[in-house]
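Colleague: I would like to learn how to read a fold from its computed features. Please take me through one case.

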Amino acid sequence: EVYAISGQFERIVVLRFKYQTDLLGGLERMVKEQRIRNAVILAGAGSVRNYHVHSVSNRDFPSKNIYTKDPTAPADIVSVNGYVIDGRVHAHLTLANAERAFGGHLEAGNPVFTFAILTLGVFGDDVDLTGVDDKTYR
C-alpha cells in the first residue's frame, strides 16, 4: 500500500526567476544546469502574468486531464511543490486571483510577473526516486 524512501538532503538550492521567464522551462533548465537528479520542491512563491496547469478530470483509469489556461489573466503563486525524479520535473502549482484559488500540474506557459522563488531540497546520489510518480503502480 505504501513504501518509504529514506535519505538526506545534500544541499538546498534557491531559484529566483525574473520577469517573463517561463516557470517550467526555467525550472527544467536550472535542474539540468545545477545537475539535480532527485529533489523535493519545498516551497514556491511569486506571481505569473498568465497561467497554464492541468489536473485530473475523472475517477477511473485511465486518467484524463483537464487544462486550465488563461493567456490574459495574472495570478499569485501561493505554493509550488513536487519532485525532480531522475532529472525530470514533476511540479504542482497553486495559484490565486481575486475570485478563487486553483491549481494543478505545472505546464509550459506560466511567465513570471513580479518574481518567482522556488526552493529545492536536493538528495545525494544514494536516493533514487525513480517510479514514485508511476500512476500504474497499484
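**Surface, fold and pairing**

Modeller: Start with the surface. The accessible surface of the protein is about 8,500 Å², and carbon and sulfur atoms hold 51% of it. Such areas come from the Shrake-Rupley method with a 1.4 Å probe; for residues, only the protein chains shown count as cover. This is a predicted model: local features need pLDDT of at least 70, side-chain atom pairs count only at pLDDT 80 or more, and totals for chains, interfaces and linings use all residues. Residues are numbered from 1 along each chain as its sequence is written, and side-chain values use heavy atoms, with hydrogens and water left out.

Colleague: What share of the 138 residues counts as buried?

Modeller: Buried means under 20% relative accessible area, exposed over 50%, partly exposed in between (1.4 Å probe, protein chains only). Here 38% of the 138 residues are buried. S6 falls in the exposed class because its relative accessibility is 68%. S6 lies in the segment before β1 (9–17).

Colleague: How many helices and strands are there?

Modeller: Both are DSSP runs, numbered from the N terminus: helices are H or I, at least four residues, and strands are E, at least two. The protein has one helix and eight strands. Their order from the N terminus is β-α-β-β-β-β-β-β-β. The radius of gyration is 15 Å, close to the 14 Å of the globule rule for 138 residues, so the protein is as compact as a globular protein of that length. That radius is taken over C-alpha atoms; the rule is 2.2 Å times the number of residues to the power 0.38. The C-alpha atoms fill a box of roughly 45 × 40 × 20 Å along the principal axes.

Colleague: Which strands pair with β5?

Modeller: Two strands pair if DSSP finds at least two bridges between them. Strand β2 (residues 39–48) runs antiparallel to β5 (residues 75–85), with six bridges. There, V48 has A75 of β5 as its bridge partner. β5 also pairs with β6 (residues 88–96), again antiparallel, over nine bridges. V80 stands opposite L93 in β6.

Colleague: What links β5 to β6?

Modeller: A hairpin with two residues between the strands. In it, D86 takes a positive phi near 50°.

Colleague: And what share of the contacts joins residues 24 or more positions apart?

Modeller: Contact means heavy atoms within 4.5 Å. Among contacts with a separation of 6 or more, 73% join residues 24 or more positions apart.
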